[in-house]
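Let's take a friendly walk through this protein, from its packing to its ligand site. Have the sequence and the 3D view open as you read.

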Amino acid sequence: MNLPIGELFDVAVIGGGIQGAGVAREAVAAGYRTLLIERDEWAAATSRWSSKLIHGGLRYLESGQIDLVYHSLKERQRLLREQPTLVKPVKFFIPIYRHTRRRAWQIRAGLSLYALLTGLHPQARFRSIARAHWDELGGLRTDALQHVFQYWDGQTDDAALTRAVVDLAKKNGAYCLQHSELVAAHLQDDHQFSLDIKTADVNWQCRARNIVNSTGPWVNELLKRCTPTPEQRPISWVKGSHILVPTMNLPGIFYLEAPRDGRAVFVMPWQGKTLIGTTEVEIDTPQAAPTNDEIKYLLETALAYFPTMKTKILDSFAGVRVLPVSADSPFSRARESVLTKYSENGAALISIYGGKLTTYRHSALQVLKLLRTDK
Ligand SMILES: Cc1cc2nc3c(=O)[nH]c(=O)nc-3n(C[C@H](O)[C@H](O)[C@H](O)COP(=O)(O)OP(=O)(O)OC[C@H]3O[C@@H](n4cnc5c(N)ncnc54)[C@H](O)[C@@H]3O)c2cc1C
């Protein structure tokens, strides 16, 4: 294996999920000598277990995250254009029943704002599905159904997208290594970090002027491996689980309100099956599997809308997101990524907390901006 032992990089990016891949790609494109390392395989963690939506996030309008929705919609349009084989436009359906908490006027207002934020694109259009077509909606329950809205968003294969972004970074000359873990980083007297890395069974060192910590749920864990050890932002880990059931021949993705607590749950066609998610449960480790109660919650939600669906669980998985600690419920907490910077004599360590798959490039550009500032 050809390891860059003893070499000096301008930027060492630690963590090969979508955020790290995005930063490596933008850093190398901006002319920085860039190293990207991932202790497992590319997209081994959250970037493999997401809901796979490239979306503005209609529901974030409810919690007033207009800026996030605006940037997400811009990134969605860019990805639809630049990655047409990996990011596809998909129809989304929102059924409104007599008992639905969010009323038709609220959904119409939300979709109008969503369209306005999208700008003049075919994907900005939304409509109400005529009653005569309700029997074409994959077996959606129609008793007490009052309206069905249809709008557009995007769907991707999250792990494949991450690998594609790593490939772009590689093509531009970034040094990208899987199965390579950052064990420790020390800021030296010459204002460069010395990095101790373990690749398979080989321990080796290199140097970097700057470090970008994109280790997702392990963001604070990584900071503890650095000396001096920067202050860590208080975070919570929030687990989101999905289940896979047999195909339901859906005409698109259904955006449903869980009868138990009113949260949004998606029921989506996915690689010849149906993907249902997610839950939102605070946990105290950076990794966890779906519990029986979460599986029951997801099935119960889907069954409330599709009573004839097949309920055999083919698979289930969970991803963990990082959210800043706050008194709000995980559902309404900010989804924008938060960047922190530790710097000393021109050497910087930037950490990425949270964020979305959709906005990885926006976060990467923010990281580069922060690298260029003195503070
Ligand atoms: C359930 C769920 C659903 C989601 N759905 C969507 C969605 O539909 N659309 C959307 O836009 N966003 C979604 N998100 C958000 C999105 O998935 C995440 O923001 C994104 O995947 C986070 O990527 P990341 O690179 O920060 O972290 P990760 O993908 O977790 O990557 C971090 C990587 O760092 C590596 N690592 C850790 N420590 C070290 C070390 N010491 N050395 C080397 N490598 C290390 C890990 O192995 C890991 O691969 C969802 C999140 C969750 C939890």
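Two residues are in contact if their C-beta atoms, placed from the backbone, lie within 7 Å. By that rule, and leaving aside neighbours within four places in sequence, Ala-24 is in contact with Val-13, Thr-34, Leu-36, Ala-169, Ala-174 and Cys-176. Please keep in mind that this is a predicted model.

Ala-24 also belongs to the largest nonpolar core, which has 49 residues. Along with Ala-12, Val-13, Leu-35, Leu-36, Ala-169 and Ala-208, Ala-24 touches the most other members. Helix 1 gives the largest share of this core, 6 residues. A second, separate core has 35 residues, including Ile-94, Ile-107, Trp-152 and Ala-302.

Now step back to the domains. Domain 1 covers 8–46 + 159–234 + 335–372, and domain 2 covers 89–155 + 235–332. Their centres, taken over C-alpha atoms, are 33 Å apart. Where they meet, 11 residues of domain 1 are in contact with 10 residues of domain 2.

Where does the ligand lie relative to domain 1 and domain 2? Both domains give residues to the shell around the ligand, so it lies between them. That shell holds 37 residues, and the closest are Gly-15, Gly-17, Ser-47, Gly-216 and Gly-240. Helix 1 (18–29), strand 8 (180–187) and strand 17 (315–324) each give two or more residues to the shell.

Here are the two surfaces by residue class.

Notes. Residues are numbered from 1 along each chain as its sequence is written. This is a predicted model: local features need pLDDT of at least 70, side-chain atom pairs count only at pLDDT 80 or more; totals for chains, interfaces and linings use all residues. Domain bounds come from an automatic or database domain assignment. A residue is near a molecule or strand if its C-beta atom, placed from the backbone, lies within 6 Å of it. Helices (H or I, at least four residues) and strands (E, at least two) are DSSP runs, numbered from the N terminus. A nonpolar core is a set of buried Ala, Val, Leu, Ile, Met, Phe, Trp, Tyr and Cys residues joined through C-beta atoms within 7 Å. A residue is buried if 20 or more other C-beta atoms lie within 10 Å of its own, exposed if 12 or fewer, and partly exposed in between; C-beta atoms are placed from the backbone.
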